Amino acid sequence: MDSKSEGEDRPWQSYHTAYTNAKAGMEGVDKEKVQKVVYEMSKGSKYFENEQRKEAYIKQKIENLQQQRAKLTDKDIAHFQKIAEKKIVELEASRDLTKTWLHTDMDAFYAAVEILDNPSLKGKPLAVGGMSMICTASYEARKFGVRAAMPGFIARKLCPDLIFVPTNFDKYTHFSELTRKVFRQYDPNFIATSLDEAYLNVTDVCSERGLSGEEVAAELRGAIYDETGLTCSVGVAPNRMLAKVCSDINKPNGQFILLNDRGAVMTFISSLPIRKIGGIGKVTEHMLRDVLGITTCDDMLKNSALVCALFSDLSSDFFLSVGLGLGGTHTPENRMRKSISTERTFTATSDTTLLFQKLADIAETLSSDMQKENLWGRNLTLKLKTSSFEVKTRAVSLQKYISSKEEILTNATNLLKAELPVSLRLIGLRMSQFRDEDKHTLVDPTQKTLSEFILSGSSHSKAYENQDISSENSSDYLLEDKNLCESDGTREKEHRCVTSEPESSSKREELGDSSSAKDINEACGGNANCEIQWVDGYICSKCGIELPLGFEEERREHADYHLAQSLQQEESAHVAHDKVYHKLEHSSPKSRKKQKASSQGAKFIPIDAFFTKGKKNL
Ligand code: DCP
Ligand code: MG
């Protein structure tokens, strides 16, 4: 033991999966114990390997940034300091303290609905879901470290008395509708970002009824309780970004008010960990911490020159706006379509004539779909799946908006040529960053002012789609993996999809989403089955679970869950094979015990069929 470093003795300490990330109600949890259980139960599994791959990917990104940072001279830093100061002045000028935004978030939503249905569950540690994955946990269960997106068998290890209830989405949708009935009375244009979360602009209610944000929040919580019998937590703040942070502070059944005062906002933000901000997920958090030592929102401002030096314009605008506590204040006028795409799967081929023929067909389909809806876009993404199932995306930001087949094909051809020679089984094209229909202009959309960027949800969200947060790709050609339709199989088939998303303050969260989607796809290492798309921007194409923008960490976990599921299926095929050929081995008392322990409540072959390697007594 003496000869080993602490890290070697306790490898779980550096094993940070989403399962060890604290949610509301997990404050007193013995984090190290949870880490150890998760580590021991997943060690040696494919899930574990995938986590390691993701870690390696983040490490690489961090090293790249560190190298870039090391090259900066004093002169460079002075130059970026000036840029940062100018940006901050412009951002500060966009500050709007005249609105009162409210963010509501139901408490332990699915679990609370189940308890309402079966009051004998009240006060007990409860998980909604099964052995493979749980969707949420009651606050009693959270004390043990049990949380959403955790495999049920790990949750049960952490909390042996955990009660499992299967999901019932009809029930949750019904209760969600009841809450929305209440929201409408306070803001007819409320923005629902999931079944259990919404943003309400209560500025008018406050002034018309002479109420403070605090009073409206209390009244709204009461009204929701009366309508549903469920509790929620509310945050009140001058903008949506802050309101969301605030709603988590006094969970469950609580509220937190941040006054419309610059001093109050700056004090609040000064010590706020960056991870609390929607859009800053694990990757971004680690990059900012390990490269720049940034851990709080205030640190963003203290390191503004380096932030501007190392990140793209839009990323640094985002980081600086976080440092200033700025967020969306205007209710988006419409719910705009975000992207349109089409893709085709076919028998793998490296024949370039065939590949370009397919590309031309896809460009034609995309163009015709766009023209039907009078769409003009300037961000074109080419998606490729190689014969070894590796998924790559390449994107180009164009100087003008296009929609004709010829223009799409010319740009798509350039992207594809850069990848040759290649053997492919899927090609897809996606167009995004649409022209503003109302303006009917072809102005260069990069000429946006910073205040436009802050105030308009759509402009910055679309802009972010093109950003690679690491600034590794400074050219127009960026790696991008997001919202592209997925199709499986090797026979030729076509899959078209259109995505539209409600505008919301969480749009900036796409920044995190975009990097996470890439993480997942890269980490999947070409496993065709683990890729998911978010239909309409928030519904999982694989299982129908709704996880809108703002659930970035959950989306990552959810994608991991499907990855685990597909690996499990692969693995169980091996297990079945083994069963036939190694009957003796499988009839050992040890394996019989294992099967019994994991069969309970499992819809599929239990996920621990592949998670058990290296399991130890804890
Ligand atoms: N959900 C899910 N999978 C996840 C996260 C959430 O299916 N990875 C579902 C179940 C939750 C609901 O969405 O009940 C709302 O998610 P929240 O993050 O708001 O979690 P809860 O409402 O359960 O708890 P709380 O908001 O009190 O932390
Ligand atoms: Mg909730």
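**View 1. Helix H5 meets helix H8 at an angle of about 95°.** In this predicted model, H5 covers residues 109-117 and H8 covers residues 169-186, and their axes sit 10 Å apart. Angles of 65 to 115 degrees count as roughly perpendicular, so that's the label H5 and H8 get. On the H5 side, the contact comes from Phe109, Tyr110, Val113, Glu114, Leu116 and Asp117. H8 answers with Phe169, Lys171, Tyr172, Phe175 and Ser176. Sort the contact by class and you get seven nonpolar residues, three charged ones and one polar.

**View 2. Strands S10 and S11 make a hairpin.** S10 takes in residues 377-386 and S11 residues 391-402; the two run antiparallel, with eight bridges joining them. To pick out one pairing, look at leucine 382, whose bridge partner in S11 is arginine 394. Four residues lie between the strands, and in that turn phenylalanine 389 has a positive phi of about 70°.

View 3. What does threonine 386 touch, leaving aside residues up to four places away in sequence? The list is Lys392, Val422, Ser423, Leu424 and Arg425. One of these, Lys392, falls within S11, which spans residues 391-402.

Key:
Residues numbered from 1 in each chain as written. Chains lettered and ligands numbered in written order. Predicted model: local features only at pLDDT ≥ 70, side-chain atom pairs only at ≥ 80, totals over all residues. Heavy atoms only, no water. Pairing = 2+ DSSP bridges. Axes fitted to C-alpha atoms, helices over the stretch in contact; angles between N-to-C directions. Parallel < 35°, antiparallel > 145°, perpendicular 65-115°, else oblique. Contact = heavy atoms within 4.5 Å. Nonpolar A, V, L, I, M, F, W, Y, C, P; charged D, E, K, R; others polar.
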